[in-house]
Amino acid sequence: MAEVKRRDEAPKPTKEIKEEKPSGGVSRRDFLIGSGAGVAGLVIGGVVGNRVIGQPAGTGSAPVAPVAEAPAAGEAPTYKAGYNLYFDAVQCTGCNNCVVACAEKYATYLHPEETANVMNLEFARIRTMRFQYVDVMNICAYCTLYEWAEGSAEYPCAAVCPEDAIMVVPEGEGVEGYYGMGYKWIDQEKCLGIDACWRCAEICEDQFASGISFDPISRKAQVCSRCGGDPECVKACPEFGALKWVPAARNGRYYAHTPSDYAELLYRKIYNHVREL
């Protein structure tokens with residue numbers, strides 16, 4: 001009888017689990033259990049990972065940029081340094097959600113009055129390039145020169161800029177949600193623009209990828225600043241894993257290809273033969 005009584009009086013594990021759960025959320029223990037429970041758990045884990053993890057504490061349904069609040073105790077910082085963007089051509093559907101999100105964000109930031117009632121995808125730093133059978137997400141790969149072979153470890157675009165307009169904004173500087181955290185930014189005051197100079201775009205398109213574009217209003221160069229370490233395109237992507245925000249493991253030149261070469265490479269990998277156009 002004593003043993004039965006002790007079992008009846010033991011609700012303590014249930015109480016401890018409830019205390020671990022944040023109000024209105026899912027505890028880490030419940031998430032891990034759910035993510036391991038077969039196919040359904042994997043789907044739920046994908047949705048939670050894409051929509052919940054990494055969001056600042058206290059955000060509502062409307063997105064707020066830039067995020068000014070510091071992350072809560074024990075929560076991973078939203079803005080990350082030393083990361084890079086990669087895309088999965090199998091997962092990508094070419095929906096252009098990432099392009100729209102990028103264009104809206106930077107058009108509003110740089111030209112709020114001129115773009116109040118318009119949508120222009122030319123403000124986007126990421127572009128969907130359509131090819132037969134595959135879509136290529138064209139974006140700056142953050143490729144660098146090899147110092148042992150080329151005498152410099154600069155970005156190729158920065159190395160040829162005559163005005164030193166392409167800069168790296170260190171951690172602790174810049175504007176949260178737009179640039180900083182060790183990523184690139186274009187100094188609009190120094191940039192000569194496409195009418196007087198486009199050396200950055202020329203070397204990028206000729207030898208690396210095509211990550212440089214030009215502001216349709218100021219006609220100055222624009223490059224992906226990784227939103228200061230929290231890319232808007234990743235958050236806007238509806239296909240989990242199509243856009244990946246992961247620690248940089250290689251020189252970006254490993255991923256830098258012109259869009260047409262990239263499309264050919266992807267097609268051969270996916271379909272195991274060369275395209276016939």
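A: Helices (H or I, at least four residues) and strands (E, at least two) are DSSP runs, numbered from the N terminus. The model is predicted, with local features needing pLDDT of at least 70 and side-chain atom pairs pLDDT 80 or more, while totals for chains, interfaces and linings use all residues. Residues are numbered from 1 along each chain as its sequence is written, and side-chain values use heavy atoms, without hydrogens and water.

H5 covers residues 97-110, and its 14 residues should span 20 Å at 1.5 Å a residue. The expected span is 1.5 Å times one less than the number of residues. The end C-alpha atoms of H5 are 20 Å apart, which agrees.

The buried residues of H5 are Cys98, Val99, Ala101, Cys102, Ala103, Lys105, Tyr106 and Ala107. Buried means under 20% relative accessible area, exposed over 50%, and partly exposed in between (1.4 Å probe, protein chains only).

The largest nonpolar core has 51 residues. Such a core is a set of buried Ala, Val, Leu, Ile, Met, Phe, Trp, Tyr and Cys residues joined through side-chain atoms within 4.5 Å. H5 gives the most to this core, with six residues. Phe87, Ile126, Ile212 and Leu243 have the most contacts inside the core.

Cys102 lies in H5 and has a relative accessible area of 8%. Leaving aside its neighbours within four places in sequence, Cys102 is in contact (heavy atoms within 4.5 Å) with Ala124, Arg125 and Ile126. The C-alpha atom of Cys102 is separated by 9.0 Å from that of Ala236, 134 residues apart along the chain.

A disulfide is a pair of cysteine sulfur atoms within 2.5 Å, and the structure holds zero disulfides.

Lys105, another residue of H5 that is buried, lies over the face of Tyr178, at 5.0 Å from the ring centre. A charge sits over a ring if NZ of Lys or CZ of Arg is within 6 Å of the ring centre and within 35 degrees of the ring normal.
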